[in-house]
Amino acid sequence: MSEETVNHPVTAKKVNPQLESFKQFWRRLAKNKAALIGGIMILFFVIMAFLGPWIISTFTDWEPNKTSVANKLQGPSAEHWFGTDSFGRDIFTRIVFGMKLTLYVGFLSVFVGGVIGVVLGIVSGYYGGKVDTIIMRLMDVLLAFPGILLALAIVAVLGGSLTNVIIAVGIFSVPAFARIVRGSTLSVKKLEYIDAVRALGASDFRIIFKHILPNVMSPIIVQASLRIATAILTGAGLAFLGLGAQPPAPEWGAMLNEGRQYMYEAGHVALFPGLMIVIVVLAFNIFGDGVRDALDPKMKK
């Protein structure tokens with residue numbers, strides 16, 4: 001009696017392409033030790049921005065704007081880790097409280113500039129013609145000015161405040177996003193599946209935001225991660241010139257400006273705010289470089 005072999009069909013496991021793509025990205029990013037260090041530093045700064053003020057207020061009696069003339073210009077000590085400024089305020093406390101302001105300017109200004117730039121870039125690349133010419137010439141005008149000079153001019157017109165700094169830094173970030181997204185859109189819109197979707201009657205809005213935008217996210221993410229460092233540096237520069245957050249707000253650029261007149265007698269007043277700006281900008285730069293390498297198709301095996 002012969003035995004019949006019954007082959008049962010094997011059900012293929014469904015794979016989420018977005019999840020698989022993220023796993024591949026994370027594996028490539030994890031191989032870049034410098035990027036991991038930068039990411040850990042950024043995570044630490046974000047946590048400190050939210051929990052640092054609470055920790056200091058709970059376990060110490062120091063406040064960012066609490067003055068003590070008797071303790072002014074003291075060097076680093078066990079009581080004041082980073083010393084005190086010309087008003088006797090604890091510099092470490094002010095740096096911790098100012099971290100939230102610094103990251104707020106960096107993230108929000110890049111978000112504003114990114115949203116406007118991405119929309120302009122996609123519209124320019126998708127429609128082409130006169131629309132493309134008008135938008136790109138406007139971007140060329142903005143790019144004709146050095147970034148810090150353009151932001152300085154905008155803040156000078158709007159007035160010195162934290163909100164106006166965010167607007168200014170966001171505006172000077174628009175051209176970088178617009179040009180990168182336009183180039184990616186020009187490549188994606190030539191693909192066959194875009195023509196197929198259009199033939200099926202999809203609207204331009206649906207094609208742009210459902211089919212083109214997801215395929216140009218990689219350069220947007222890379223540009224945003226690198227742009228945050230520039231935004232933080234520009235925001236600190238404007239505050240150093242007195243056009244950012246107004247005193248007595250513990251903004252690092254403003255603290256650096258306050259300490260420059262004591263460079264010889266109490267160098268720590270300018271040292272620590274300047275050092276923090278360097279560390280934060282460096283962390284975002286090396287993390288952005290790692291993200292760029294992880295998302296670069298040429299780096300894929």
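**Pockets, cavity and fold**

Modeller: Let us start with the second largest pocket, which holds about 310 Å³ of space. A pocket here is an open set of points on a 1 Å grid over the protein atoms alone, where a 1.4 Å probe fits, with protein on both sides within 12 Å along at least five of seven lines, whereas from a cavity the probe cannot get out; lining residues have an atom within 4 Å of a point. Grid points are joined across faces, edges and corners, and a volume is the space filled by probe spheres set on the points. Please keep in mind that this is a predicted model, in which local features need pLDDT of at least 70 and side-chain atom pairs count only at pLDDT 80 or more, while totals for chains, interfaces and linings use all residues. Residues are numbered from 1 along each chain as its sequence is written, and side-chain values use heavy atoms, with hydrogens and water left out.

Colleague: Which residues lie nearest the centre of that second largest pocket?

Modeller: Val110, Ile221, Ala224, Ser225 and Ile228 do, out of 17 residues that line the second largest pocket.

Colleague: And which helix gives the largest share of that lining?

Modeller: H3 does, with six residues, although H2 (33-59), H3 (91-127), H9 (217-240) and H11 (268-295) each supply at least two. Helices are DSSP runs of H or I with at least four residues, strands are runs of E with at least two, and both are numbered from the N terminus.

Colleague: What lines the largest cavity, then?

Modeller: The largest cavity, with a volume of about 30 Å³, is lined by Asp85, Ile91, Arg94, Met255, Glu258 and Val269. H3 and helix H10 (252-259) each give two or more residues to that lining, which divides into three nonpolar, no polar and three charged residues.

Colleague: Changing topic, how many helices and strands does the chain have?

Modeller: The protein chain has eleven helices and zero strands. Its radius of gyration is 25 Å, well over the 19 Å that the globule rule gives for 301 residues, so the chain is more spread out than a compact globule. That radius is taken over C-alpha atoms, and the rule is 2.2 Å times the number of residues to the power 0.38.

Methods
Ala, Val, Leu, Ile, Met, Phe, Trp, Tyr, Cys and Pro count as nonpolar, Asp, Glu, Lys and Arg as charged, and the others, Gly among them, as polar.
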